[in-house]
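I set out to record what I looked up in this structure, one topic at a time. The chain is shown first, and my entries come after.

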Amino acid sequence: MEKFVTLTSKAIPLPIENIDTDQIIPARFLKATSKAGFGENLFRDWRFKKDGTPNEDFVLNDDTYEGKILVAGDNFGCGSSREHAAWALTDYGFKVIVSSYFADIFRGNALNNGLLPIQVSPEVLKAMLSAVKENPNTAILVNLEEQTITVSGTDIKESFEIDAYKKMCMMNGYDDIDFLVSNKDKIEAYEASRTF
């Protein structure tokens with residue numbers, strides 16, 4: 001995984017509540033086992049019409065908005081526990097998802113795949129969505145070390161919670177295996193000290 005310490009990016013607003021994992025990546029696209037390529041089908045049934053042409057009314061098809069941050073409605077990532085939802089979001093290019101609530105399994109899958117889910121208050125979420133809609137060039141600064149998210153040029157700023165272990169992993173670019181490998185010397189020293 002890539003290291004994540006800070007990110008400054010424009011954002012894409014998606015003010016829809018209860019976005020479930022089947023909307024993020026429909027079940028018919030879950031046949032592959034590699035993480036690559038899932039971004040092509042992110043929000044497939046919203047991004048494309050039944051004939052396969054782009055739905056011009058969907059925000060990801062609107063050139064007005066771009067960025068590595070998705071600001072979504074409440075209760076993001078509910079539904080089934082498919083890890084493919086996190087794969088699709090990261091493969092598309094998102095680094096951060098902002099919502100006022102995340103499903104627990106989605107949150108864990110996101111963090112395991114280098115995608116930072118930031119939970120903010122409903123009031124801050126509403127203010128962020130308004131700021132981005134009013135000015136698509138609005139920059140959002142995420143500081144993982146300080147656990148803050150700030151909307152540039154406004155007084156919108158909030159702290160967010162994150163598991164200390166997952167924070168350390170993201171800041172170092174570790175997945176769980178990388179973390180174990182980084183502690184190889186300590187593990188070997190402990191094993192050598194044990195008598196069997």
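**Basis.** I am reading a predicted model, in which local features need pLDDT of at least 70 and side-chain atom pairs count only at pLDDT 80 or more, while totals for chains, interfaces and linings use all residues. Residues are numbered from 1 along each chain as its sequence is written, and side-chain values use heavy atoms, with hydrogens and water left out.

**Parallel sheet.** I looked up the strand order and found an open, parallel sheet of four strands, S2-S3-S4-S5. Strands are DSSP runs of E with at least two residues, helices are runs of H or I with at least four, and both are numbered from the N terminus. Two strands count as paired if DSSP finds at least two bridges between them. S2 (11-14) and S5 (116-119) are the edge strands with a single partner each, so one side of each has no neighbour in the sheet. S2 and S3 (residues 69-72) are joined in the parallel sense by four bridges, and Ala 11 has Ile 69 in S3 as its bridge partner.

**Antiparallel sheet.** I then turned to the other order, S1-S6-S7-S8, an open sheet of four strands with antiparallel pairing. Its edge strands, S1 and S8 (157-159), each pair on one side only. S7 (residues 148-151) pairs with S8 in the antiparallel sense over three bridges, and Thr 148 stands opposite Ser 159 in S8.

**Helices.** Helix H5 (residues 122-134) lies across S6 (140-143), S7 and S8, and runs at about 40 degrees to S7. Such angles run from 0 to 180 degrees between N-to-C directions, with axes fitted to C-alpha atoms, for helices over the stretch in contact (heavy atoms within 4.5 Å). In H4 (residues 104-112), I listed Phe 106, Asn 109, Ala 110 and Leu 111 as buried, meaning under 20% relative accessible area with a 1.4 Å probe, protein chains only. These buried residues pack against H1 (21-24), H3, S5 and H6 (164-172). Just after H4, Gly 114 takes a positive phi of about 75 degrees.

**Pocket.** Which residues lie nearest the centre of the largest pocket? They are Glu 2, Thr 90, Lys 95, Asn 113 and Gly 114, among 17 lining residues. A pocket is an open set of points on a 1 Å grid over the protein atoms alone, where a 1.4 Å probe fits, with protein on both sides within 12 Å along at least five of seven lines; lining residues have an atom within 4 Å of a point. H3 gives the most to this lining, with three residues.

Note on methods:
Buried < 20%, exposed > 50% of the residue type's maximum accessible area, 1.4 Å probe, protein only.
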